[in-house]
Amino acid sequence: MAISIALLAQNVDGSGNNLLYGIGTLTFSGNYVTGGDTMDFTTVAEKLGSTQIIQVFADSQNGNSGYYVPVAGTALNNWKLKAFSGGGTEVTAGAYPASVTTDVVQITVAARKLQ
């Protein structure tokens, strides 16, 4: 797996009536695949406290000119994350460039509370 998700339990807020929110950090290694690399939320579902993710936002926290677009999956283990250069071109398939592996990318996850 080329994208790992770090999510601390203290960064999850379940104070709302219907939704949970969590903030995590992504680490990239290995190779990027055209169309987006896989994000597997089964690795953090227990900390998140939900198996029903509604929305994910990803953003560079250190001013990288590139950007990231999460693509909803049909299950927790098949979400995708597309990576783009500052000019809007998708990162080329192959080894992740240093602009991605050295970036600090945080995600905000909105998930449905399990009742």
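Is Lys-113 buried, partly exposed or exposed? Lys-113 counts as partly exposed, because its relative accessibility is 22%. Buried means under 20% relative accessible area, exposed over 50%, and partly exposed in between (1.4 Å probe, protein chains only).

The model is predicted: local features need pLDDT of at least 70, side-chain atom pairs count only at pLDDT 80 or more, and totals for chains, interfaces and linings use all residues. Residues are numbered from 1 along each chain as its sequence is written, and side-chain values use heavy atoms, with hydrogens and water left out.

**View 1. Overview of the protein chain.** The protein chain has 2 helices and 9 strands. Helices (H or I, at least four residues) and strands (E, at least two) are DSSP runs, numbered from the N terminus. Their order from the N terminus is β-β-β-β-α-β-β-β-β-α-β. The C-alpha atoms fill a box of roughly 40 × 25 × 20 Å along the principal axes. Buried residues account for 34% of the 115 residues. Of the contacts between residues at least 6 apart in sequence, 72% join residues at least 24 apart. Contact means heavy atoms within 4.5 Å.

**View 2. The largest nonpolar core.** This core holds 27 residues. A nonpolar core is a set of buried Ala, Val, Leu, Ile, Met, Phe, Trp, Tyr and Cys residues joined through side-chain atoms within 4.5 Å. Leu-26, Phe-28, Met-39 and Phe-41 touch the most other members. At least two core residues come from each of strand E1 (3-13), strand E2 (19-28), helix H1 (45-48), strand E5 (53-60), strand E7 (79-84) and strand E9 (105-112). E9 gives the most, with 4 residues. In soluble globular proteins, nonpolar side chains tend to be buried together.

**View 3. Surroundings of Phe-28.** Residues up to four places away in sequence are not counted here. Phe-28 touches Ala-2, Ile-3, Tyr-68 and Leu-81, among others. Its partners also include Tyr-96, Val-100, Thr-101 and Val-105.

**View 4. Lys-113 and the residues it meets.** Lys-113 sits in the segment after E9. Leaving aside neighbours within four places in sequence, Lys-113 is in contact with Gly-14, Ser-15, Gly-16, Asn-17, Asn-18, Leu-19 and Leu-20. Gly-16 is 97 residues from Lys-113 along the chain, yet their C-alpha atoms are separated by 8.9 Å.
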